[in-house]
Structures are given as C-alpha cells and as structure tokens.
Amino acid sequence: MSDADDFRLDGKAALITGGARGIGAECARVLAAAGADVMLTDLPGPTGPATAESIAGGRAAYRDLDVTREQDWIAAIDATISTFGRLDILVNNAGIEIMGEIADVSQDEFRRIMAINVEGVYLGCKQAVRAMRPRGRSAGGGSIINISSVAGMVGVPWLSAYSASKGAVRTLTKGVAVECGRLGYGIRCNSVHPGVVATEMAESFFRKNQALAGAESLEQIATVFTQAHPIGRMGVPRDIANAVRFLASDAAAWITGAELAVDGGWTAT
Ligand SMILES: NC(=O)c1ccc[n+]([C@@H]2O[C@H](COP(=O)([O-])OP(=O)(O)OC[C@H]3O[C@@H](n4cnc5c(N)ncnc54)[C@H](O)[C@@H]3O)[C@@H](O)[C@H]2O)c1
C-alpha cells in the first residue's frame, strides 16, 4: 500500500449530523468520494434524503436524527451498522447560531444553543464510543470529528452564547480523546474550527451583523469578514470537508485531541 492510500476511506462507514446542507452535505460528498459509505442525518424534511440521493462515489443513505434526542442517536447508529456493517467515523456537524449582545440573550435561547451544539455533541460522542469501543456493536475503533468554530477559540462580538457552546465542544473533544486513548479503545477524537464559511448559516450571520452593527450594506459586512481571514477570502464548505476527510482517515492515525483551525489564518493573528 502506498503512503497516499492512507488518505482513502475505502471500507469505512461514516455518520454525519446536520448533513442535509452546507458543511455537513459537503462532508458527505467528500467522504463518499474518498470511498466511505455515508449515513447522512438531519432534522426531518425533504432536503436530507435528496442530498443523500445526489451523492456519488460510495454508498449513501439518509435517516432523521435530532441530535438532542438520545433515542434518535441509538436508532441512527443501529441503522448505520445494519446498513453498512460498521461505524468508523462520526462527524458531529449539526449546529445553530444565536446572535445578540449577552445582555439581550434570553435564558431560553442560551439553553437552546447549548442543547443542540453541546448536548448534541455529547450524545453523539457517547453513543459512538459505545458502538466503536472494543466491546461495542461496531467494535472497530474509529474517528470522531466535532465541528466547533473559531468562536470556540476567540471572542467575537454578539456571539458569546455561540462561543460558550463551541468552546465546550473544544474541551469535550479533548476529554473524549484522552479517555479513549488511555482506555485503549482505538478511537480518536478531534475538533475542527472553521472561520466564516459560505453557507446558509453564514448568510444569516451577515444579515444579523448588519442589523446589530447598523452597517449600510451586506457588502460592507462581507468585506469586514473577508479581511478577518489573512488569506484574503472566506471559506467554502470544501475547505472544511477536506480537513474532516483527513482527520477521518488513517493518515491522521497519530492525531487525537487536536483542534484544527481551518480559518484562513483568522486565529493566527
Ligand atoms: N458557516 C460558518 O461560517 C461556520 C463557521 C464556524 C462553524 N460552523 C459550524 O459548522 C457546522 C455546520 O454549519 P453550516 O454553516 O453548514 O450550517 P447550516 O445552518 O447551513 O446547516 C446546519 C445543519 O444542521 C441542522 N440542524 C440544526 N439543528 C439540528 C438538530 N437539532 N439536529 C440535527 N440537525 C440539526 C440543520 O437542519 C442544517 O441542515 C455548525 O456546527 C456550525 O456551527 C459554521
């Protein structure tokens, strides 16, 4: 086997949350193109099944999974193992954003973002580790990739609640990584920290920024955030999906507990 084959995902099966659109959908396309079987999941709706059907390369299937519901997790992991025979990769991608001055964020909003962005990732790690560990249903070890954000590493105005959730994902990841390593489970766990990536979430982020900053145009806001990335452009979903593919692969066999900034240099400044 050549070294380059370490980057392929043939024979591996992945479960991706929030996979109907945006970064999750691109992760599904890239992982499938690398040879993986992919169980795409999202909240109920027509987009998820359509995205799964459009995926070429490996085999793809779709299943509803609300990341805040533990029963959904158990059923989706069972479905992955019964469809593909195994679970090797979990991409905890589903997430929401709530924007506002901390003085204005309601307790309900704070709890909601923590329920989806943090509890959802905790439930995913819990159920994936149960399936992937040596005495589990899949039992082959594996790679868990948690999508955090630059906002999980540095402060961003009007994103305190989101930052709290993404910072929790960052350290939850490290805890899972160290524990699984020490227990000899063969499970790696890493976090990916995107800068601003062109998706529906980013569009809404720009609109809310415009309103909160009182900016004249969306273009003004887009310029500010382009300049936040020293590399001179915002991200595209492929930038994140390629990093996820790497962390999912055997090429990253010695990487666990790491936080990978995929942010055009934002957090290096
Ligand atoms: N786009 C960015 O600029 C950016 C930057 C940093 C981090 N991120 C993170 O990347 C991830 C994907 O973001 P995106 O830009 O593709 O967002 P998006 O809003 O385009 O897609 C998010 C997906 O998550 C799903 N989702 C929401 N709540 C869910 C729940 N309870 N259960 C299951 N699925 C649920 C949505 O239905 C949607 O399909 C998120 O975790 C986000 O916080 C995005």
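# Briefing: cores, domains and ligand site

Threonine 17 sits in the loop between S1 and helix H1 (22–33). The model is predicted. Threonine 17 is buried, because its relative accessible area is 1% and the cut-off for buried is under 20%. The protein is assigned two domains, domain 1 (3–195 + 236–262) and domain 2 (197–234).

**Threonine 17 and its surroundings**

- Beyond its neighbours within four places in sequence, threonine 17 is in contact with Thr41, Leu65, Val67, Trp73, Val91, Asn92, Asn93 and Ala94.
- Tryptophan 73 is one of these partners. Neighbours within four places in sequence again set aside, tryptophan 73 is in contact with Leu15, Thr17, Leu65, Val67, Leu90, Asn92, Gly120, Leu123, Gly124 and Gln127.
- Threonine 17 and tyrosine 162 are 145 residues apart in sequence. From C-alpha to C-alpha, they are 18 Å apart in space.

**Nonpolar cores**

- In soluble globular proteins, nonpolar side chains tend to be buried together.
- The largest nonpolar core here has 50 residues. Leu15, Trp73, Leu87 and Ile144 have the most contacts inside it.
- At least two residues of this core come from each of these elements: strand S1 (13–16), helix H3 (70–84), helix H4 (107–132), helix H5 (160–182), strand S6 (187–194), helix H6 (200–213) and helix H7 (218–227).
- H4 gives the largest share, nine residues.
- A second core is separate and has 30 residues. Ala32, Ile89, Ile240 and Ala252 are among them.

**Domains**

- How many residues of domain 1 are in contact with domain 2? The count is 17 residues of domain 1, in contact with 13 residues of domain 2.
- The C-alpha centres of domain 1 and domain 2 are 25 Å apart.

**Ligand site**

- There are 26 residues around the ligand. Arg21, Asp42, Asn93, Tyr162 and Thr199 come nearest.
- Aspartate 66 places a polar side-chain atom 3.1 Å from a nitrogen atom of the ligand.
- Lysine 166 has a polar side-chain atom 2.9 Å from an oxygen atom of the ligand.
- Valine 197 uses its backbone: a polar backbone atom lies 2.8 Å from an oxygen atom of the ligand.
- On its own, the ligand has 830 Å² of accessible area, and the protein covers 93% of that.

**Positive phi values**

- Most residues other than glycine have a negative phi.
- Alanine 139 has a positive phi, near 60°, and is not a glycine. Alanine 139 is in the loop between H4 and strand S5 (142–147).
- Is alanine 139 buried or partly exposed? Alanine 139 is partly exposed, because its relative accessible area is 35% and that class runs between 20% and 50%.
- Tryptophan 158 has 23% relative accessibility, so it counts as partly exposed.

How values were computed. Residues are numbered from 1 along each chain as its sequence is written. This is a predicted model: local features need pLDDT of at least 70, side-chain atom pairs count only at pLDDT 80 or more; totals for chains, interfaces and linings use all residues. Side-chain values use heavy atoms; hydrogens and water are left out. A nonpolar core is a set of buried Ala, Val, Leu, Ile, Met, Phe, Trp, Tyr and Cys residues joined through side-chain atoms within 4.5 Å. Buried means under 20% relative accessible area, exposed over 50%, partly exposed in between (1.4 Å probe, protein chains only). Helices (H or I, at least four residues) and strands (E, at least two) are DSSP runs, numbered from the N terminus. Contact means heavy atoms within 4.5 Å. A residue is near a molecule or strand if one of its heavy atoms lies within 4 Å of it. A polar contact is a pair of N or O atoms within 3.5 Å; within protein, one must be able to donate a hydrogen and the other to accept it, and residues adjacent in sequence count only if both atoms are side-chain atoms. Accessible areas come from the Shrake-Rupley method with a 1.4 Å probe; for residues, only the protein chains shown count as cover. Domain bounds come from an automatic or database domain assignment.
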